[in-house]
Amino acid sequence: MRLVIALLALIAAPLAAQNAMPAAPYAYTQLDDPALEAQATELMETLRCLKCQSQSINDSDAPMAGDMRHQVRARLLAGESPEQIRSWLITRYGDYVSYQPEMSATTWPLFAIPLVLVALVGLALLGRLRRRADAGDAGDMGDAA
Amino acid sequence: MMRALYLVPLALFLFFAGLAAFMLNQPKQQDVPSQMIAQPLPEFSLQPAIAGMPGVRRADLVGGQPRLLNIWASWCLPCIAEAPHLEALQSQGVEIIGIAVRDRPEAVADFLGRYGNPYTRIGADDISSLMIEIGASGVPETYVIDAEGNIRYQHIGDVRADTVPLLLEKLEEVR
Amino acid sequence: MIAELGLAALWLSAALAVLQMVSGALGLRDGPDGQNGPDGKARAQSYAIYARPAAVVQAFLAVLAFGLLLYAFAVTDLSIKLVETNSHSAKPFIYKLTGTWGNHEGSMLLWVAVLALSGGLLAGLERRLPEKTMSATLAVQGFVALGFYAFLILSSNPFERLPVAPLEGSGLNPLLQDIGLAIHPPTLYVGYVGLSIAFSLCMGALITRQVTPEFAKVLRPWVLGAWVFLTFGITAGSYWAYYELGWGGWWFWDPVENASLMPWLAATALLHSVSVLAARDALRTWTIMLGVLAFSMSMLGTFLVRSGVLTSVHAFAVDPERGSFILALLGLYIGGSLAIFAVRASSIAEGTRFTATSREGALVFNNVMLSAILAIVLLGTLYPLLTEAFDVRVSVGPPYFNPAGAIFAIPMFAVMAVGPLLRWKNDNPGRIQFELKALLAIVIAVIALVAILGDYSVLSLLGLGMAIALAVAAFLPLRGRVLRRVPLATWGMVMAHFGVAVSLFGMASESAFTTERLAAMAPGDATDTGGWTIQLEEVSPVAGPNWTAMEARIMASRGDEEPTLLTPQARNFWSPPQPTSESALITRWNGQLYAVIGDRAGVDARGRERWQIRVWWKPFVTFIWYGGVLIAMGGILSIAGRVRVDLKRRNAKKIAGQRRADLDALDEDKLPEPAE
């Protein structure tokens, strides 16, 4: 029975072919320095796996994601900063590779709109407080809010 | 004034609906194009992928005629489909340099024996280092490299019969 | 026969939806109640009279249709195309049943069945609204239902037959063969449907200009109910993704996750503004707007999930053609209702006024903050779609959503802590000075304490500090009250707010204190993480009914605890072929140990085969979902409280009526019989 199961497991693993090669050295190996490894994890969680549907390279088992993890760890070890590594990848793959949008000609509304929201809310609250100071307790936060 | 304010949600919604309707009818963009087009190839040096054929360094792609850099692997099914078209390109005098990704020498040799060998050199990219350097996101991909060693064009996916003239044209353009 | 019967039931339901819509709308035609001549009024009633029964019968038929599909899946009737593509005779029975809604058509049928059932309940039981508002509500509800029937019958017929029945089905996506699937999506659908009823009620009230506290009381249980289901659904979905996808993440701001969060945010805001409307007759247009918004978000979520316009790891039954249909429905309902809103809103009289430092003021603040968070999530989710229209691809993920959301979430939590302590209408903040200072002291103390312990991110620190303060603050409204006499609804609020604190604590703790160990291990090797010792005993092949797997046997122990066995698997399903990773978990009161097995990792120096083992220790991660459950339970308590009050009031009325009748009777026989 054991043997049958083992055989079935082999048959059912056609995708394993691609993984026959050993993974890149740092694909599944943590860095010895915990602080550096923490930096690596933080960075890898915000880099997009290019072969997957919306997953970070930290979360993906795709071989390509493993190779990208290797690059991240190896470069950190060589002394590069996480942001240098991120921009190195963005130079190659564009903004798509990073889950952390950089301020740019294409992404400014992502940052401008929250600021506008804050400003609107702030103005509304300020106006409310001022009106309240003017009119004592007769402020109205009725349906205008 | 109040009435105008009440129109804001409707306006926002109509904007979204228009965008969504437009995007629904667009072909879904699945590829991640390389941002390295018009950039020089980075420095690299890859070991030979099989015995008896040379490996690949950056210098091998500089000088003389423009070349094709083909990223493939023996485990990749579309690579089987594109093999005859690469041979067609080779027979028209195009130099094709192969990069075998995460591949074993015996598997590479077996593949070449079965589906033909259009390459002058094959480098082994065991950890996708060159792939990442040039912004390739999958296998197969084919790049046009000009004589100065600049990346000029990227074709994502397998080379088909109708891609052959396109690649020839691109090679001519950068000559 | 089953399939034909089901389809017939659907067509009949659709016809009844038309009847409900037309008769409800005709009931509206004749001016406000009582202003018409006796003829006009009689005519209006004679039309409107069909709307309620149409809704009730429709409920029976739609539920029957769903029951028939359920039966077809239970017996694996392969002559039905949907069963063939989504089921397999070797599948465990429970997953045959859950497979009914584990696909586009079946889930839409479940959706319309719940929609019709809710419509039937509303039509059959609700008697408090003015008849005209009720007619308008039922007309809108019929209109909404009709759209979904059309969608189902015209583009997603679940009962389609195959010309020749194959011998075997092609199976169900293995990721979906899990009990998480059995509860998560249907729970969300019920929530979405509840919001559609809330939408119909809001439109009915808007059309007839009856945005009153009485209307809010009718609306509230639907909103609360929908919100409870959404809360459960999101909580279950998050836990499901956490253990099923095998990378230990519980929320990734994926478009599909956001699609379920957005209606919840809108419903949470709506829930609070409905309370203000019911208690204080304020926030009239705002409540209507939120009602429309909440339903829009659930429709938008459906659109995003099913059209495939956005890339998601949870992509499900994606089809652009269906996307167009949903978008058309979206345009019809949301565009239409927003247009009516734009025209009508200014004619709704302004509600009662209040000051900023009052319970209403705090609730408005939180409403605004929730709406702002919703705007951020919406923006971040749709932004990649916008840039793709210009052929630029960008990714928006946690590094954007976390800080941008926190800008609004932190002030919201702060106000949430003290809001329930304020009085309605107008209050003097000085009155709760002591509480304010104490809570602030807690936040600062916790942040200082944790910051000394190690180097953690600002957001985690703030989260921990606020979570502890919120947990204390949640119970403050009970201070100085006789607990036995505190209304159930207040208990509900306390519990839900405490749940928010618990959940926030779990999130902050998980992000701050998680430790991870990745190791290539051969049997016999040991490693450690977060105080646990992990020893790999063996890796061996195992088989299930429709999969095979490599299973690791890992003994995990900490301190002098007995070692516990963990058996993570790397599974390969064969119908359809797909690899999945089955995580193994050890749950302790203070966290979870999470283990997965990856690929082979070559051989070690002694020639033994090694495997990639990945283990996390996640302190207090379970609090995230405990909190979610507490929030939902708070909602249930609140519903129970409201219903109890309603029933009591109705009983009191009945008793009062009885007494009056008795008195009248007494009056009538002027000479009561003398007692013996």
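In the predicted model, chain A contains 5 helices and 0 strands, and its elements, followed from the N terminus, are arranged in the order α-α-α-α-α. Buried residues make up 37% of the 145 residues of chain A. Of the contacts in chain A with a separation of 6 or more, 47% are formed by residues 24 or more positions apart.

Chain C is divided into three parts by domain assignment, namely domain 1 (1-172), domain 2 (428-507 + 627-644) and domain 3 (515-620). The C-alpha centres of domain 1 of chain C and domain 2 of chain C are separated by 41 Å.

Most residues other than glycine have a negative phi, and most peptide bonds are trans. In chain B, the peptide bond from B:Val139 to B:Pro140 is cis, with omega near -5 degrees, and B:Pro140 is located in the loop that connects α4 (129-133) with β6 (141-145).

In chain C, C:Asp391, which is not a glycine, has a positive phi of about 65 degrees; C:Asp391 lies in the loop between α13 (359-388) and α14 (398-418). C:Asp391 counts as exposed because it has 9 C-beta neighbours inside 10 Å, where the cut-off for an exposed residue is 12 or fewer.

A positive phi, near 60 degrees, is also found at C:Phe620, likewise a residue other than glycine, and C:Phe620 is placed in the loop between β10 (609-619) and α18 (623-668) of chain C. With 24 other C-beta atoms within 10 Å, C:Phe620 is buried, since the cut-off for a buried residue is 20 or more.

Notes: Residues are numbered from 1 along each chain as its sequence is written. Chains are lettered from A and ligands numbered from 1 in the order in which they are written. This is a predicted model: local features need pLDDT of at least 70, side-chain atom pairs count only at pLDDT 80 or more; totals for chains, interfaces and linings use all residues. Helices (H or I, at least four residues) and strands (E, at least two) are DSSP runs, numbered from the N terminus. Two residues are in contact if their C-beta atoms, placed from the backbone, lie within 7 Å. Domain bounds come from an automatic or database domain assignment.
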